[in-house]
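I opened the model to look up helix packing and charged pairs. My entries follow.

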Amino acid sequence: MIHQLFSSFKEQHIAVVGDIMLDTYWWGHTDRISPEAPVPVVALQNVEYRIGGAGNVALNLAALGAQVSMHSVTGDDDDGLRLESMMHERGINTKGVWRSDERETTNKIRVISRSQHLLRLDKETTHDLAPDAEERFIHKTIALFEAEPPAAVIFEDYNKGLLTPKVIDALIAWCVAHNIITAVDPKRKNFFNYKGVTIFKPNLKETKEALNLLEMPVTKAGMTQVHDALHKELHHSTSLITLSEKGMFYSNGLQADILPAHIRSIADVSGAGDTVIAVATLVFAATGNLHLMAEIANLA
């Protein structure tokens, strides 16, 4: 069964809409303090580039064998070109990535020495797309969807200004009209804008804060109340809520369960949410099985 499931992934076209970013790592060694200020001097030895943000969701999907298209806006700069090239090399369709001279590509630069993260520098544009840019992005994205309809669309929101309320509403409306699965990994700013989606996947902290249910117990009964409160706001189909070390909760109003975590010794949890939304959406697109979706996403 699992072999057949994974074999079927290659038949699924999943579109990812969201904020892509470049993760840059400056590796070096440190053996002295600067005479100019009480900071370490890092002698640069190596630079590494990785695809981050919504691009990491696309990477997870591509690694599982799916057909993946990326839809985003970058700056018209070297970092944007690098990101497009890296995604193309990994088999991700970048026809939906638009370069804008009014924005700059998000680049998060980490300085690391002796296995210590010393500093992070963020270069980014975070204001919302201008109205004309919103219209252009909506029309371009829908045209690409019509040319190559996806089985599912993932909205990966990092609050960098791409997923505005207007963009969200227009793309979800198109997907609903064409019976296409929609999944969202939200951030606080647009949390309640994703109305009518198929799968809504926040983490527990985000959900409790958004609903002001800070004392709700992490039990099946408690989390069912959380789903009901979310559904009242969003009218979505399924809640898939990650619970950190307590596992994962899912509910569609009829089925509900808490799946315990698979305990591992983890040094860095960065990107875990990206993996969950990618795996859950792909499994659901391939099978329509809610419990199987949650089980495999939880394991991943």
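Which residue just after α2 takes a positive phi? I found that Gly65 does, at about 95°.

**Ground rules.** This is a predicted model, where local features need pLDDT of at least 70, side-chain atom pairs count only at pLDDT 80 or more, and totals for chains, interfaces and linings use all residues. Residues are numbered from 1 along each chain as its sequence is written, and side-chain values use heavy atoms, with hydrogens and water left out. Helices (H or I, at least four residues) and strands (E, at least two) are DSSP runs, numbered from the N terminus.

**Helix α2.** I took α2 as residues 54-63. I listed its buried residues (buried means under 20% relative accessible area, exposed over 50%, partly exposed in between; 1.4 Å probe, protein chains only). Ala54, Gly55, Val57, Ala58, Asn60 and Leu61 are buried there. I then asked what covers the buried residues of α2. The cover includes the strands β1 (13-18), β2 (20-33), β3 (40-53), β4 (67-75) and β8 (152-156). Helix α8 is also included in that cover.

**Helices α8 and α9.** I went on to α8 (residues 272-287) and α9 (residues 290-299). Their axes come within 8 Å and cross at roughly 150°. Axes here are lines fitted to C-alpha atoms, for helices over the stretch in contact, and angles run from 0 to 180 degrees between N-to-C directions. The two helices are therefore roughly antiparallel. For the classes, under 35 degrees is roughly parallel, over 145 roughly antiparallel, 65 to 115 roughly perpendicular and the rest oblique. α8 passes α9 in a right-handed crossing. A crossing is right-handed if the near helix is turned clockwise from the far one by less than a right angle, left-handed if anticlockwise.

I listed the residues in contact (heavy atoms within 4.5 Å). From α8 they are Val276, Val279, Ala280, Val283, Phe284 and Thr287. From α9 they are Leu290, Leu292, Met293, Ile296 and Ala297. This contact divides into ten nonpolar, one polar and no charged residues. Ala, Val, Leu, Ile, Met, Phe, Trp, Tyr, Cys and Pro count as nonpolar, Asp, Glu, Lys and Arg as charged, and the others, Gly among them, as polar.

**Helices α6 and α7.** I looked up α6 (residues 204-211) against α7 (residues 220-234). The axes come within 11 Å and cross at roughly 60°, so the pair is oblique. α6 passes α7 in a left-handed crossing. Leu204, Thr207 and Leu211 in α6 meet Met223, Val226, Ala229 and Leu230 in α7. That contact has six nonpolar residues, one polar and no charged.

**Salt bridges.** I counted a salt bridge when a side-chain nitrogen of Lys or Arg is within 4 Å of a carboxyl oxygen of Asp or Glu. The count comes to 16.

Lys108 pairs with Asp122, with the closest N and O atoms 3.2 Å apart. Lys108 lies in strand β6 (residues 106-113) and Asp122 in strand β7 (residues 116-123), so the pair ties together parts 14 residues apart in sequence. Lys108 is buried at 9% relative accessibility, and Asp122 is partly exposed at 38%. Arg120 also bridges to Asp122, at 2.8 Å from N to O. Arg120 is partly exposed at 41%.

In α6, Glu209 and Lys205 sit four residues apart, about one turn of the helix. Their closest N and O atoms are 2.9 Å apart, a salt bridge. Glu209 is partly exposed at 40%, while Lys205 is exposed at 57%. I also noted one network, joined by salt bridges that share partners: Lys108, Arg120, Asp122, Glu124 and Lys160.
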